[in-house]
Amino acid sequence: MSVNNVRTGILLLQCLITGTLCTAFSFTEEPAERAAKPDGHCSRILRAQGVKRETYNEFRLRVEGDPESYQPGSTYRVTLYASHPAYFRGFTLIALKEGREGDNDDDYAGNFQIIDEEDTQFMTNCPPAVTESTPRRRTSIQVFWTAPPSGTGCILLKASIVQKKIIYFQDEGSLTKRMCEKEPLYGESTDKPLMDCCACGTAKYRVTFYGNWSEKMHPKDYPRRANHWSALIGGSHSKNYVLWEYGGFASDGVKQVAELGSPVKMEEEIRKKGDEVLTVIKMKAQWPAWQPLNVRAAPSAEFSVDRTRHLMSFLTMLGPSPDWNVGLSAEDLCTKECGWVQKVVQDLIPWDAGTDSGVSYEAPNRPSVPQEKIRPLTSLDHPQSPFYDPEGGAITPVARVVVERIARKGEQCNIVPDNVDDIVADIAQEEKEEDDTPETCIYSNWSPWSACSSSTCEKGKRMRQRMLKAQLDLSVPCPHTQDFQPCMGPGCSDEGPADASTCMMSEWISWSPCSASCGMGSRSRERYVKQFPEDGSICTLPTEETEPCTVNEECLASSCLVTEWGEWDACSATCGLGMKRRERMVKTPPADGSVCGAEVVEVEKCMMPECHTIPCLLSPWSDWSDCSVTCGKGSRTRQRALKSPLELGECQEELDQVEKCMLPECPMDCLLTEWSEWSECNKSCGKGHMIRTRMVKMEPQFGGNACPETVQRKRCKVRKCSRGGANSEERRRRKEAREKRRNSKQGREETVEGHAACKMKPWSAWTDCTKLCGGGIQERLMTAKKRFRSSQLSSCKDRKEIRACNVHPC
């Protein structure tokens with residue numbers, strides 16, 4: 001009996017068992033030509049089909065946003081769900097090109113991405129399809145689907161449902177979603193095949209890389225310590241050579257750039273292409289990934305193109321990351337007018353090389369098995385991705401590349417006129433690495449490279465340092481004093497031609513527990529082959545080690561049993577001499593009740609690489625703070641942060657600065673002397689008054705409070721006057737007062753209050769200040785103008801006033 005007949009019989013038997021659903025389905029025998037195809041074709045999931053029923057609407061396939069068309073290369077969230085109270089135990093989800101049967105791999109469109117590995121997985125015998133991880137009751141599942149490249153046409157997303165062991169499948173309706181390719185907008189790329197170049201002569205370009213991957217622009221999970229761009233590697237090449245491309249598989253060189261940041265293997269691949277490559281493009285690594293342009297110039301390199309090698313490609317790793325990178329692929333610098341492109345400006349988003357399945361910057365190594373195709377990252381890749389956006393928005397670019405034509409050589413044949421500065425001389429190929437250190441920066445020699453931070457074949461880095469001895473021009477910034485390189489452990493380096501007969505081994509797995517709990521025993525550890533020799537030879541390196549071990553040497557009744565020693569803690573120092581410790585525990589105390597004498601803690605010295613004293617790596621100064629006062633003299637501060645890792649040496653540079661600040665003068669109130677003693681009563685008998693005065697020491701300034709009164713008066717009574725005398729005296733005073741009012745001229749003469757016996761001249765002008773600053777004195781006088789015969793000498797005296805002047809500091 002054929003496989004198909006057996007399968008059909010099983011399905012019919014299932015129908016008989018579940019009886020109630022049998023009438024809804026019919027199963028058809030496979031045509032002979034399809035049945036003859038080998039096992040493993042995805043088309044087998046289409047063999048059982050159910051007739052249309054209205055109850056199918058309890059299951060639905062939905063694309064988020066319900067789009068009628070898809071954007072090539074864009075990612076969409078696809079949901080398969082059941083309406084309450086329905087459920088399904090299993091499912092299959094495929095994406096077919098319209099009109100295709102699913103017999104060949106080319107019939108399938110786009111790529112699915114798993115969201116929840118506990119719910120979904122790729123079908124073992126049909127990798128383009130998604131199915132359940134474990135059969136259980138569920139009401140919904142979600143996956144991501146990345147649309148195929150331009151030119152694919154319409155596609156069908158199709159789902160099948162398994163409920164009570166019966167397959168529901170629908171060719172149209174709620175379990176099928178039809179989407180056609182969205183028409184490209186003006187200016188968008190349509191992935192047309194590369195055309196032959198008709199330009200004449202050669203052209204020289206400068207490519208400049210501007211990193212914009214920073215904590216400000218990409219704050220989620222930004223790796224503050226180890227962020228960097230790896231050394232950039234690429235070339236100008238012909239259309240017969242592809243360095244990397246969307247939808248292709250990463251070569252070994254691309255993999256090492258994307259995972260380790262190492263350009264060595266990729267440069268080797270490029271140079272092996274001989275005449276297909278005109279110029280190898282290289283730039284230095286950037287640590288950290290982002291710095292202001294006024295601190296370090298953006299890295300650049302120059303390259304040439306000609307009629308046959310008119311494409312430019314490059315890659316650089318976004319580090320740390322699983323296998324993320326940015327770059328250009330086959331950028332055509334030849335125009336359809338048979339000339340050379342003047343300028344290309346392109347914002348770059350990160351790409352996934354398909355070799356590591358990590359979802360975050362510092363995720364552990366998880367090789368993608370099988371290797372996946374190169375694709376751009378999207379904001380819907382994984383909730384733990386630093387670029388994740390539940391709304392599915394565009395990823396903010398992490399870099400910008402500018403390619404500018406700087407020269408041409410040879411006779412040109414394009415019909416578009418060029419600028420005069422385009423016609424320059426020699427564009428000989430330059431591949432030597434230039435030192436961009438300013439002449440005003442004096443450094444020590446580079447220290448030797450440190451040991452690799454990884455002792456295995458996993459990713460690591462090494463560092464070297466130099467000392468800034470002098471900066472002759474403070475206006476010219478000096479480049480960094482640290483240099484980093486990606487690396488692997490001993491025996492794993494790719495910096496030379498690999499030996500085809502070499503095995504690549506994993507690191508040793510931890511030792512097993514000792515086989516004996518008391519006395520002599522043995523323990524073992526294992527490792528495995530990560531990569532077999534390319535020449536097909538057998539790997540002879542050992543994969544297991546065994547060694548003797550002793551636990552509790554004395555197995556007597558008076559002995560206590562202890563566990564094995566634990567692993568050593570990390571060294572207490574990151575450089576130089578430190579200490580490390582390990583511990584073990586008491587398992588069983590001595591049977592005779594004595595005290596356990598076994599040591600449970602062990603400490604020993606550890607030596608780390610030599611400490612190097614290096615210049616501090618500091619952030620720019622912050623803006624000055626506001627003045628500490630609201631008027632007058634105060635202070636303000638500013639700060640900067642230490643960016644160098646603490647383990648690289650103690651930093652003596654000041655991190656805080658304080659300076660004086662001056663705001664408008666504070667208001668100064670009027671300043672007076674103390675009150676004088678009270679004067680004598682102005683009457684020798686009867687009721688009178690006496691006064692006291694105070695002087696103005698400093699007039700109010702800058703809006704201060706005005707001066708209060710400077711004269712106070714109070715009544716006084718000495719003794720009673722005789723009656724007659726008093727009356728005649730009073731009459732005399734009234735007569736004199738009347739005379740005074742008649743003879744005085746208003747506003748020109750001043751009479752001292754209470755002294756009608758004399759007339760006073762106006763106040764004189766203030767004298768010059770005795771000091772120019774620091775507080776001086778001014779005076780003015782009032783003298784008697786006319787004394788009456790009846791006046792007493794004491795009642796008609798000259799007056800003098802004093803005040804402070806020029807009180808401001810010298």
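Analyst: In this predicted model, the buried residues of helix α3 are covered by several elements, including β16 (232–237), α4 (264–271), β19 (311–319), β20 (324–332) and β28 (482–487). The helix itself spans residues 252–260 and is mostly covered, with seven of its nine residues buried. These buried positions are G253, V254, Q256, V257, A258, E259 and L260. After α3 comes G261, and the phi angle of G261 is positive, near 75 degrees.

Strand β19 contains S313. Is S313 buried or exposed? Its relative accessibility is 1%, and because buried means under 20% relative accessible area, S313 counts as buried. Leaving aside residues up to four places away in sequence, S313 touches G234, G235, H237, L243, L328, S329 and A330. With A330 there is a polar pairing: a polar atom of the S313 side chain lies 2.7 Å from the backbone nitrogen of A330.

M579, V586, V600, V601 and V603 form a nonpolar patch on the surface, and together they have about 350 Å² of accessible area. Among them, M579 belongs to strand β34, which covers residues 577–583.

Terms used: Residues numbered from 1 in each chain as written. Predicted model: local features only at pLDDT ≥ 70, side-chain atom pairs only at ≥ 80, totals over all residues. Heavy atoms only, no water. Buried < 20%, exposed > 50% of the residue type's maximum accessible area, 1.4 Å probe, protein only. Helix = DSSP H or I, 4+ residues; strand = E, 2+ residues; numbered from the N terminus. Contact = heavy atoms within 4.5 Å. Polar contact = N/O pair within 3.5 Å; in protein donor to acceptor, adjacent residues only side chain to side chain. Patch = residues over 30% accessible without salt bridge, like charges linked within 9 Å, V, L, I, M, F, W, Y side chains within 5 Å. Areas by Shrake-Rupley, 256 points an atom, 1.4 Å probe, with all protein chains shown as cover. Salt bridge = Lys/Arg side-chain N within 4 Å of Asp/Glu carboxyl O.
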